[in-house]
Amino acid sequence: MKRTLTVCPYCGTGCMFYLVSDNGRLIGVEASSTHPVSRGGLCVKGWNAFAFVHHPDRLTTPLIRKNGTLQAATWDEALELVVERLAQVQQRHGRDALMFASSAKATNEENYLLMKLARAVFQTNNIDHCARLCHSSTVTGLAETFGSGAMTNAISCIDETDVIFVIGSNTTEQHPLIGSRIMNAVRSGTRLLVADNRRIRLARHADLHLRHRNGSDVPLLCGMMQVIIAEGLADREFIATRTENYEALAESVAPWTPERSAAETGLEAADIIAAARLYAGAKRAMIFYSMGITQHSHGVDNVRCIASLAMLTGNIGRPGTGVNPLRGQNNVQGGCDMGALPDLYSGYQKVSEPLHRQRFAAAWGVPALPDTPGLPLTRAMDAASDGKLFAMFIMGENPLLSDPDQHHARKALENLELLVVQDIFLTETAALAHIVLPAACYAEKEGTFTNTERRVQRVRKAVEPPGEARSDQDIICAIAQRAGYDGMTYADASEVMDEIATLTPHYGGISYERLDPHGIPWPCPTPDHPGTPILHQQRFTRGQGHFSPVSHRLPQEQPDADYPLVLTTGRTYFHWHTGTMTRRTHLLDREEPGSFLELHPDDATRLSIRHRERLLVISRRGSIQTEARVTSMVIPGVVFMPFHFAEGAANRLTNNVLDPESSIPEFKVCAVRLEKLP
Ligand SMILES: Nc1nc2c(c(=O)[nH]1)N[C@H]1C(S)=C(S)[C@@H](COP(=O)(O)OP(=O)(O)OC[C@H]3O[C@@H](n4cnc5c(=O)[nH]c(N)nc54)[C@H](O)[C@@H]3O)O[C@H]1N2
Ligand SMILES: Nc1nc2c(c(=O)[nH]1)N[C@H]1C(S)=C(S)[C@@H](COP(=O)(O)OP(=O)(O)OC[C@H]3O[C@@H](n4cnc5c(=O)[nH]c(N)nc54)[C@H](O)[C@@H]3O)O[C@H]1N2
Ligand code: SF4
Ligand SMILES: [Mo]
């Protein structure tokens, strides 16, 4: 038996474990007792992360659509066709007629290579990834206020803080090893404030649980800031020495009295005051947030308020403090770091900045690189649907299920002259493709993932890929070569990391030799630098912290007589997004086998819907059948659905309206009505 130390392929917590294999087959997972995050534990997805790897549904050969059906082909045929057809589309419609979707499931090296392929070989900045649907509001909001969009503190800071404020994060289900660390801290006296109208597990252990209306975080946070300033709880010294634009912030929150905030949020004024005192009264307080904050048409404003609240109380740059956006996918932090973003190279270096462009062009051996930012993923889907984008190369994403408004997503994908999908399974999206390329999964390749606390960790090959599947790195490099570019030949993944280090200041000191055993948190600028667990200690990345005042905007679709309920969507503990991996893992699928809708008992009684009854959920965009789960997890007037299930897909209902600044969709609020099945 062989044990291979590697990183969990599911969430951004970044637990490391050993894959146990026997005779070339994975047979189990063993936790790593010394790893600083997992510390001998794993959640149920981690324990089962070996099971999908050998599933018979794995893609084993390239597929090409002939006479309407996908048929097995050789790599030679498939790669030749990809290059030929991409070039054709560019000749016909211009170089920006293509979009590359990168993958937060793939390694740093693979994300870097796909963005190099897009920019150096195909000369377009049209590259993005699922961070657009996820923390793009964070990247925009924290870049403006702090200068860096990453989690400011380390996960271990949970052990040394006085108050934890969790807002819009179902931490025990979605970042389980962080959730359990919070629970441990609470057991030993740390106070907990939760703002989320679902009665999530952490809420049951909170000193105060705020069940405010969906989309009313700006009124809540402004109300708290008003109380903090009015009661003299602000950190005057921190504001004076470390920040700018405080006067404007103070003026903007002054009208948000607890009474006004209460009216907008549906909370009691006394609870808003209590929340403000609890957070601001702590010597050290940490904020954790996730999709409840970012996935709104005012997501960036929510993030700005969170940044302001932390700066107002001096809770930045010290142990046990910070603004901590929990990054979702195993390598979504890395996808962003590597520049799988339409406006940025690796290390958040702007494509619009001539010096950066020249440096990357010189390193990549091309005469020039495109200077205008490309399309965000969500805007690319709009462009495809409008017939203005003609080809998409999708590596490791399943937008037909994960994008808002499935009807719109389907139209966009079906409109394309060329759709190439590179995945480990024949997903709903891949089934629409003209060419499908079979990829190796995390257990079958070398590379690195960067977790939510910026820790760059080694992913190691435990077994061979099935059939002719190849690593994303191999496939991307083969495409580059066939397109006539000779700057993408590497002996192995570590050589790619060496190139990344020369072009990416945060990763400047990172090399594979240094990552043993448990990685290094960036920034790590030089080979002798130990890494940086806490950001913004002496100064903010941008210099002074910037207070950005906001004004309140409601979610775009409000309940009305026809669609009287608010639908909010999210996740469950057992499943992962579009279910490609977890629904092929027997132990997980058994726990949560199908689509459901959480509905408050009051609403159920009013509509005479019984627990487990099948019902119809209808929005302005579509309708689905699902099963009612009558529960006080949700508040009256709000229903919740996970988006994991192709049958009963929540994204048939959601609204494709975007935050104007971050282009994130409003996944967290749309209006629906329920009907009993005839
Ligand atoms: N098991 C599992 N774990 C996962 C994932 C998975 O699919 N399955 N996905 C990963 C990814 S990519 C991500 S991004 C993370 C997401 O992690 P989370 O953000 O924790 O998960 P969600 O279920 O999307 O939403 C979290 C909470 O937001 C609340 N919420 C909804 N609307 C609002 C609002 O207006 N304001 C506030 N304050 N709260 C609101 C919901 O009630 C919900 O409890 O999880 C990661 N971890
Ligand atoms: N309604 C609603 N919709 C949402 C959200 C929500 O809260 N509500 N959340 C949004 C968020 S935060 C996110 S992050 C997105 C996620 O959206 P997606 O990223 O589209 O969802 P996944 O199912 O994680 O897709 C990852 C794909 O990568 C494949 N894969 C796994 N490993 C590898 C690999 O090594 N190589 C390759 N090439 N492929 C691989 C998997 O089989 C899968 O098809 O969903 C978004 N959609
Ligand atoms: S907490 Fe996240 S990283 Fe850790 S085992 Fe669970 S899914 Fe994997
Ligand atoms: Mo995400």
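Ala, Val, Leu, Ile, Met, Phe, Trp, Tyr, Cys and Pro count as nonpolar here, Asp, Glu, Lys and Arg as charged, and the others, Gly among them, as polar. On that basis the shell around ligand 2 has 13 nonpolar, 13 polar and seven charged residues. This is a predicted model, in which local features need pLDDT of at least 70, side-chain atom pairs count only at pLDDT 80 or more, and totals for chains, interfaces and linings use all residues. Residues are numbered from 1 along each chain as its sequence is written, chains are lettered from A and ligands numbered from 1 in written order, and side-chain values use heavy atoms, without hydrogens and water.

**Ligand 2**

- The shell holds 33 residues (a heavy atom within 4 Å of the ligand). S402, D423, D472, T578 and N651 come nearest.
- Domain 1 (78–129 + 331–484) and domain 3 (565–676) both give residues to this shell, so ligand 2 lies between them. The domain bounds come from an automatic or database domain assignment.
- Polar contacts here are pairs of N or O atoms within 3.5 Å. An oxygen atom of ligand 2 is 2.7 Å from a side-chain N or O atom of D423.
- An oxygen atom of ligand 2 is 3.1 Å from a side-chain N or O atom of K668. For Q295, a side-chain N or O atom is 3.1 Å from a nitrogen atom of the ligand.
- Taken alone, ligand 2 exposes 930 Å², and the protein buries 99% of that. Accessible areas come from the Shrake-Rupley method with a 1.4 Å probe.

**Ligand 1**

- Around ligand 1 there are 34 residues. Q174, D196, G215, R571 and H575 come nearest.
- Polar backbone atoms meet nitrogen atoms of ligand 1 at 2.6 Å for H575, 2.8 Å for T572 and 3.5 Å for E173.
- On its own, ligand 1 has 920 Å² of accessible area, and the protein covers 99% of it.

**Aromatic rings**

- Rings of Phe, Tyr and Trp (its six-membered ring) pair if their centres lie within 6.5 Å; planes under 30 degrees apart count as stacked, over 60 as edge-to-face and the rest as tilted. The count comes to 14 aromatic pairs.
- Y573 and F574 have ring centres 5.0 Å apart and planes at 65°, so the pair is edge-to-face.
- F574 is buried (under 20%), at 17%.
- Y10, F52, Y442 and W576 form one aromatic cluster.

**Charges over rings**

- A charge sits over a ring if NZ of Lys or CZ of Arg is within 6 Å of the ring centre and within 35 degrees of the ring normal.
- The charged end of R198 sits over the ring of F640, 3.6 Å from its centre.
- R454 has its charged end over the ring of W522, 5.7 Å from the centre.

Terms used: Polar contact = N/O pair within 3.5 Å; in protein donor to acceptor, adjacent residues only side chain to side chain. Buried < 20%, exposed > 50% of the residue type's maximum accessible area, 1.4 Å probe, protein only.
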